[in-house]
Amino acid sequence: HPGQALKLNQKFRFAGRDWYVPAAYLTAKGLVLDILMRADKAALEDFCKKWEHLEDEDVPNDVFEQAERENPLAFEFSPQIELNGQTLPFSQGHGLSYHPLFQNAAACEPALDEYGESDFDTSIERAIIDHYGLNPEDGWAIHRYSFPWKTKRRPKNISSLALTLTPQPVRVPGAEFEVQKPGDIFAFSHNGIPYTLRIWSCRRCRKTLFPTRVSIFRIDLPQ
């Protein structure tokens with residue numbers, strides 16, 4: 001059973017992006033919330049043009065990671081719900097993407113599986129776009145989260161509902177450097193701000209910083 005729909009129709013800006021929370025659904029076991037993030041079609045077109053050769057075999061790993069970070073449909077966050085003054089525990093979340101260009105957001109080429117279906121703009125995504133009356137010319141990252149009730153039964157009344165979104169940390173590639181002994185320094189800059197790393201102690205004569213890969217293109221289909 002889909003549960004009782006609670007229309008919210010909340011639009012806001014967060015982390016430089018446009019968000020829309022159309023509705024929550026009250027079920028016997030908990031609250032289900034849909035959170036959508038909009039991506040401008042022009043931004044998606046620019047992304048595709050810039051990274052059209054992303055799937056070439058000779059693309060360095062750090063270049064691929066940069067493309068992942070620049071994907072307009074990708075943004076990692078954690079949601080928190082406060083209902084009637086109490087925080088509901090987070091249970092699970094699922095997500096998918098609607099891409100207006102009918103193409104893969106990573107390589108900007110048709111992405112068909114063995115059944116001839118695309119990862120983007122499938123019947124499910126399009127049905128959600130139509131259901132909520134969203135602009136099909138924009139891209140949409142669609143997230144659905146579940147929050148079990150803290151009580152055995154569903155609350156009879158809802159007096160307040162608050163949503164908090166917390167961005168998840170983003171790993172960025174760091175420069176490689178070598179140190180020979182304690183006291184050596186390594187100078188670098190980030191966003192135009194200079195920093196100096198001073199080595200106080202080390203167990204090996206060579207230290208290498210390398211990025212940890214975080215994949216943000218593959219997302220699960222809602223159940």
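This is a predicted model: local features need pLDDT of at least 70, side-chain atom pairs count only at pLDDT 80 or more; totals for chains, interfaces and linings use all residues.
User: What is the strand order in the open sheet of three strands?
Analyst: The pairing in this sheet is antiparallel. Strand 5 (86–88) and strand 8 (161–167) each have a single partner strand, so they stand at the edges. The order of the open sheet is 5-4-8.

User: Which residue in strand 8 stands opposite Ser78?
Analyst: Strand 4 covers residues 77–83. Strand 4 and strand 8 pair in the antiparallel sense over seven bridges. In strand 8, the residue opposite Ser78 is Thr166.

User: Is the aromatic pair of Phe14 and Phe75 stacked or edge-to-face?
Analyst: A search of the whole structure finds 11 aromatic pairs. Phe14 and Phe75 form one of them, with ring centres 6.1 Å apart. Their planes stand at 90°, and an angle over 60 counts as edge-to-face. The pair is edge-to-face.

User: How many residues apart are Phe14 and Phe75?
Analyst: Phe14 lies in strand 1 (residues 4–14). Phe75 lies in the loop between helix 2 (61–70) and strand 4. The pair links distant parts of the chain, 61 residues apart.

User: Is Phe75 buried or exposed?
Analyst: The cut-off for buried is under 20% relative accessible area. Phe75 has 19%, so Phe75 is buried.

User: What is the angle between the planes of Phe90 and Tyr145?
Analyst: Phe90 sits in the loop between strand 5 and strand 6 (92–98), and Tyr145 sits in strand 7 (residues 139–148). Phe90 counts as partly exposed at 43% relative accessibility, whereas Tyr145 counts as buried at 8%. Their rings form a tilted pair, 5.6 Å centre to centre, with the planes at 55°.

User: Which ring does the charged end of Lys11 sit over?
Analyst: The charged end of Lys11 is 5.5 Å from the centre of that ring. The cut-off for the distance is within 6 Å. The ring belongs to Tyr20.

Definitions and conventions
Residues are numbered from 1 along each chain as its sequence is written. Side-chain values use heavy atoms; hydrogens and water are left out. Two strands pair if DSSP finds at least two bridges between them. Helices (H or I, at least four residues) and strands (E, at least two) are DSSP runs, numbered from the N terminus. Rings of Phe, Tyr and Trp (its six-membered ring) pair if their centres lie within 6.5 Å; planes under 30 degrees apart count as stacked, over 60 as edge-to-face and the rest as tilted. Buried means under 20% relative accessible area, exposed over 50%, partly exposed in between (1.4 Å probe, protein chains only). A charge sits over a ring if NZ of Lys or CZ of Arg is within 6 Å of the ring centre and within 35 degrees of the ring normal.
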